Amino acid sequence: SAASDVYKRQALELIQNGESEAALSSLKAIVSADGSNPEGWRGMAAYFDSIGMSGRSKACEEKAESLS
């Protein structure tokens, strides 16, 4: 959806700016609003990858793939 695209863009900008807590809040909002949207899960994967949590990142990426 258009709203989730905006949230995802904001989240990725926050990650790049080192504001990981704010990014995580945005991403959680996307996933809770629309858990079947693979883009929200891809955003979560990017977030976890950016903080070195590769296992969680992979799990989120797999969830995104299952919804695509």
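Reader: What are the ground rules here?
Author: This is a predicted model, where local features need pLDDT of at least 70, side-chain atom pairs count only at pLDDT 80 or more, and totals for chains, interfaces and linings use all residues. Residues are numbered from 1 along each chain as its sequence is written, and side-chain values use heavy atoms, with hydrogens and water left out.

Reader: How many helices and strands does the protein have, and how are they assigned?
Author: There are four helices and zero strands. Each is a DSSP run: helices are H or I with at least four residues, strands are E with at least two, and numbering starts from the N terminus. The order of elements is α-α-α-α.

Reader: What makes the protein as compact as a globular protein of that length?
Author: Its radius of gyration is 11 Å, and the globule rule gives 11 Å for 68 residues, so the protein is as compact as a globular protein of that length. The radius is taken over C-alpha atoms, and the rule is 2.2 Å times the number of residues to the power 0.38. Along the principal axes, the C-alpha trace spans about 30 × 25 × 15 Å.

Reader: Which residues does Ser57 contact, leaving aside its neighbours within four places in sequence?
Author: Ser57 lies in helix 4. Its contacts (heavy atoms within 4.5 Å) are with Ala45, Phe48 and Asp49.

Reader: What lies 2.7 Å from a polar atom of the Ser66 side chain?
Author: The backbone oxygen of Lys63 does. A polar contact is a pair of N or O atoms within 3.5 Å; within protein, one must be able to donate a hydrogen and the other to accept it, and residues adjacent in sequence count only if both atoms are side-chain atoms. The Lys63–Ser66 pair sits at 2.7 Å. Ser36 is 30 residues from Ser66 in sequence, and their C-alpha atoms are 9.5 Å apart.

Reader: Where is Asn37, and is it buried or exposed?
Author: Asn37 is in the loop between helix 2 (20–33) and helix 3 (38–50). With 8% relative accessibility, Asn37 counts as buried. Its side chain reaches the backbone nitrogen of Glu39 at 2.8 Å.

Reader: How do you know whether Leu24 is buried or exposed?
Author: Leu24 has 15% relative accessibility, so Leu24 is buried. The residue is in helix 2. Not counting residues up to four places away in sequence, Leu24 touches Met44 and Tyr47. Leu12 is twelve residues away in sequence, at 9.7 Å from C-alpha to C-alpha.

Reader: What about the loop residues Gly18 and Met53?
Author: Gly18 is in the loop between helix 1 (2–16) and helix 2. Its relative accessible area is 59%, so Gly18 is exposed. Met53 is in the loop between helix 3 and helix 4. Its relative accessible area is 33%, so Met53 is partly exposed. Between Gly18 and Ile51, 33 residues apart in sequence, the C-alpha distance is 9.7 Å. Met53 and Asp5 are 48 residues apart along the chain, with 23 Å between their C-alpha atoms.

Reader: How many positive and negative side chains are there, and what counts as each?
Author: The protein has 7 positive and 10 negative side chains. Lys and Arg count as positive, Asp and Glu as negative; His and the chain ends are not counted.

How values were computed: Charge placed at Lys NZ, Arg CZ, Asp CG, Glu CD. Buried < 20%, exposed > 50% of the residue type's maximum accessible area, 1.4 Å probe, protein only.
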